[in-house]
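Subject: Structure for you to look over

Hello,

Here is the structure for you to open beside your notes. My findings follow below it.

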Amino acid sequence: MVRRALPPQKSSADLSRHYLEIESLTDGWDVRKVFPTVQPLEVELGSGKGLFLNRAARENRNHNYIGLEIRKKYAIYSAIRLERGQLDNAIMMQGDGLLFCSQFLPDQSVTAMHVYFPDPWWKQKHRKRRVLTTGFIADVERVLQPGGKFHFWTDVQEYFDVTLKRLEDFSQLRGSEVVAEREPQFDMDYRTHFERRTRQHQEPVYRSEYIRQ
């Protein structure tokens, strides 16, 4: 499913509170100093246009949120929306999200990790570019606090099955909910723009939730 073009976004606002580039981070950078208040931290890998990030940060002000997005124009788009919403409990990080999780998230520092509709890289020779690697899952297990949750959703059953099989190798991550599809509770019951489009095309969504033991 092809991404739609972003609408024009012009802003003269100072985005320094809501936008950082991962390449600019240095050794010793402390994620705890990013937010004005120390609160439980949730991380989304591949935020896209930032629908989930913006909604979650607005509805749950008692948690802090980091969105990771490799595409600069999408990261800036989401940061502008955070700034406009005055959401001081959320920030966009642009760049290699796998690198960020590996190098800049301390052990047991995250309450929830979210991965929604990652690029499936359909061709066999390209699948090494998928983000749900053994290394990333090891970082998920490492950074989640006991009781912390890992959410993985996709519309590609093969990707879903391969990832769930890979998760079997991580004894501290236990599946609490693994479903092929559920009916939306209401018309706006979606977490990302991609999920909304998937529903409009009446295609299944595969969901999993794992809890760190």
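Start at Thr 154, which lies in strand β6 (residues 144–154). Helices here are DSSP runs of H or I with at least four residues, strands are runs of E with at least two, and both are numbered from the N terminus. Before you go further: this is a predicted model, where local features need pLDDT of at least 70, side-chain atom pairs count only at pLDDT 80 or more, and totals for chains, interfaces and linings use all residues. Residues are numbered from 1 along each chain as its sequence is written, and side-chain values use heavy atoms, with hydrogens and water left out.

**Around Thr 154**

Thr 154 has 0% relative accessibility, so it counts as buried. (Buried means under 20% relative accessible area, exposed over 50%, and partly exposed in between, with a 1.4 Å probe and protein chains only.) A polar atom of the Thr 154 side chain lies 3.0 Å from the backbone nitrogen of Val 156. Setting aside neighbours within four places in sequence, Thr 154 touches Phe 117, Tyr 159, Phe 160, Val 205 and Tyr 206. Contact here means heavy atoms within 4.5 Å.

One of those partners, Phe 160, sits in helix α5 (residues 157–167). Phe 160 is buried because its relative accessibility is 5%. Between Phe 160 and Val 178 there are 9.9 Å, C-alpha to C-alpha, and the two are 18 residues apart in sequence.

Strand β4 covers residues 90–94, and five of its five residues are buried, so the rest of the structure largely encloses it. Ala 90, Met 92 and Gln 94 point one way from β4. Ile 91 and Met 93 point the other way.

Which strands pair with β4? Strand β1 (residues 19–21) runs parallel to β4, joined by three bridges. Strand β3 (residues 64–69) also runs parallel to β4, with five bridges. Pairing requires at least two DSSP bridges between the strands. Glu 21 stands opposite Gln 94 of β4. Leu 68 has Met 93 as its bridge partner in β4. From β3 the chain passes through helix α2 (residues 72–84) to β4, a right-handed β-α-β crossover. Right-handed means that, with the strands pointing away from the viewer, the path from the first strand over the helix to the second runs clockwise.

**Helix α1**

Helix α1 (residues 51–59) is mostly covered, with seven of its nine residues buried. Among them are Leu 51, Phe 52 and Arg 55.

**Salt bridges**

How many salt bridges are there? The count comes to nine, taking a side-chain nitrogen of Lys or Arg within 4 Å of a carboxyl oxygen of Asp or Glu.

- Lys 72 and Glu 21: the closest N and O atoms are 3.2 Å apart. Lys 72 is in helix α2 and Glu 21 in strand β1, so the pair ties together parts 51 residues apart in sequence. Lys 72 is partly exposed at 43% relative accessibility, and Glu 21 is partly exposed at 27%.
- Arg 71 and Glu 69: the closest N and O atoms are 3.4 Å apart. Arg 71 is partly exposed at 32%, whereas Glu 69 is buried at 2%.
- Arg 127 and Glu 158: 3.3 Å, N to O. Arg 127 lies in the loop between β5 (110–116) and α4 (134–143) and Glu 158 in helix α5, so the pair ties together parts 31 residues apart in sequence.
- Asp 107, Asp 139 and Arg 142: these are linked in a network of salt bridges.

Best wishes

Notes
Polar contact = N/O pair within 3.5 Å; in protein donor to acceptor, adjacent residues only side chain to side chain.
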